[in-house]
Amino acid sequence: MNTILATTSRGLDELLKQEILNLCPDAEIKQSPGMLQFEGSKEDAYKLCLWSRLANRVIWILGTGKAGNAEELYKTAMDIDWQMHMESRHTLSVQFIGTNYEIKNTQFGAVRIKDAIVDQFVEEGLARPSVERKMPDFPVYARLQRDNVIIGLDMAGASLHQRSYRQETGDAPLKEHIACAMLMRSGWTENMDKPLADMMCGSGTIAIEAAFMARNIAPGIKREYWGFSKWLSHDAAYWDSLVNDAIANQIESKSEIFAADYNRRMIAIAKDNADYAGVFNDIKFSNQDATKSSPPVATLGYMVSNPPYGERLGELTALIPLFSEWGKRFKEAWKGWHVSLLSSNRDLLRVLKLRATKDYGMNNGKLECRLVNYVLSEENTVQFTEDASNHEFANRLKKNLKKMKGWINKVDTNCYRIYDADLPDYNVAIDRYGDWLVVQEYAPPKTVSEDKARKRLQEVLLYLPTVTGVSPKQIVLKVRSQQKGTKQYEKINQSGTMMEVYENGARLLVNLTDYLDTGLFLDHRNTRQKVMQLAKGKDVLNLFAYTGSVSVFAAKGGAKSVTTVDMSNTYLDWAKKNVALNKLNGPHAFVQADCTSWLSDHKGKYDLIFIDPPSFSNSKRMQSTWDVQRDHVTMLTNARNCLNDSGTLIFSNNKRGFKLDEEALQALGFSIENITQETIPEDFSRRGNIHKCWILSLSRDALSKEALSSEAL
């Protein structure tokens, strides 16, 4: 007898314990999260390898001991008689799990054990075993727990969930042992005479594992590589007899198993996987939409599915309407069925509007998921009507659109704001860009719980397509809190997809997915018009230029020249594209620089300067931090030095509570005109404090004093 360690995913411990007891009835199991230990025979370990549908690894423990530091770990590994288990010509690998105060790196721990094994052979005058990461002859497994380590032979050599039948998968494959756990927790494994359906089958894992169960096929039967094959204590005769018995005891399936998916490519992959697994004829495949599906047979049965979770934020915009429609379909067509769904997003499942009977925690890879069971009883199939006319948010949005209709028809743009946190419970801003919507969720106030905020956001995404007519696939969701400095420009996605919008005769590129902002500040629509009106025949400087939309309007207004300055090459390239898109061929200079330091050293002169700086920045590319309240006078002093005598400076920022130091600016000779109200567009009128804007021009008195000073010199 020897200690055997079986590992599994969190949440499957109890199921694995029952499975071990079925295979090894005399086992006395010690259980801890994700791990079970018992004293067993080599035959017991072989049975687990071949027959366990739930274990990840089966470890034949070779030694345990102290591992408080590198020296203790090395000694514990050296105390194992490795020559009893492997030959020097064998290749090895070491999988090391866990860290402690001294051993802070799993790779370091693996190397120390490898060193001990190799040194033991060398000390006996034998050749050094070599390391082979992929399919080694002797895979060593080590688990560090505080200051102790368990070291053993990984009998399988790789995770047992890899059944060797999956030729291809989708984007988020379900692990095979999780599929088995879902089938067990659903109740179907106790009622395999009932039909089973997976209407979002993906690459077919649930259906294939169900077919394996129905036909009593050992889950490890197709594996060709085993970690024990070169083990010196391997009992090849017993293993062969175990495999032969497993093949002989396979049976014909009496279960009806159905697998469907809306994606034809995934159905093709699922069919190939089922064919390779040898269960193609045991599963009926079809291509259909789950939200329009009906039970494949009249007999009541079980639906077990792994629907998309919406791990990426933007996916929720499409998934919430999908789950709403699916919930309605369950109530219409699937009455009397048992439904089990796995998701890492419990809130998303609540959109189904079904009452759960039971739910279980289980990890699919690193994702913490819940398997939720429903019985579609008479009580559970009462329809909840999603009537937009009776919903607070939907009503407000419809009123906004009705009120804005005349204004929208008059303005020459296809991008504007249609909702801006009008209702305190629905704390979002919604902007329209052509046929797309961008939803920005603000951080909820402290008076609103996170659960309530999530529910409200789901309601927004559920009703938006109905009220606006925009497809859920063209709704982009962004979560933003108050941003500081350049954080608002940081990349949150990598699609690089741009679309063209128009505004007052200009064509502009926006990116709706990759950044917290889209590349066009809609609240500055009127400000850009102001720049265009003032730009004719003038040399224009656009500082903190972002994607250059102000530069475009300055050029369209007939500017003599336009200089565009920004610290980001990405945004300067974007600005160049915007200028080229509008076929503006006048003199354009694009400068990549920290605007504050560039301005302090710059000697050029301009007739019109536009400055819209961030509220705060601590970018590594800047010489120091930037705070608009603290530093705006210094910046505007430097800007004044670059302003021609009859020049105009437009200064704007969006810092809440910002106070312009009028006294200091007047001392510099500026006359000040607050134009905030005229620069706030009508679609931003609810949030009149979204930005502040001033025109600064040199007063006649200041110019006269400068002239007298020059004459005196």
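Arginine 329 and glutamate 332 sit about one helical turn from each other, because three residues separate them in helix α9. Helices here are DSSP runs of H or I with at least four residues, strands are E runs of at least two, and both are numbered from the N terminus. The model is a predicted one, in which local features need pLDDT of at least 70 and side-chain atom pairs count only at pLDDT 80 or more, while totals for chains, interfaces and linings use all residues. Residues are numbered from 1 along each chain as its sequence is written, and side-chain values use heavy atoms, with hydrogens and water left out.

Glutamate 332 is partly exposed, its relative accessible area being 49%, whereas Arg329 is among the buried residues of α9, together with others including Trp326, Phe323 and Phe330. Buried stands for under 20% relative accessible area, exposed for over 50%, and partly exposed for what lies in between (1.4 Å probe, protein chains only). Helix α9 itself covers residues 316-333, 18 residues, and spans 25 Å from first to last C-alpha, close to the expected 26 Å. That expectation is 1.5 Å times one less than the number of residues.

In total, the structure holds 26 salt bridges. One of them joins aspartate 115 to arginine 112, at 3.4 Å between the closest N and O atoms; both residues belong to helix α4 (residues 106-123) and are three residues apart. Another pairs arginine 525 with aspartate 683 at 2.9 Å. Arginine 525 lies in helix α13 (residues 525-534) and aspartate 683 in the loop between α19 (676-679) and β29 (692-698), so this pair ties together parts 158 residues apart in sequence. Both partners are buried. Finally, a network of salt bridges links Asp425, Lys452, Lys455, Arg456 and Glu459.

Definitions and conventions
Salt bridge = Lys/Arg side-chain N within 4 Å of Asp/Glu carboxyl O.
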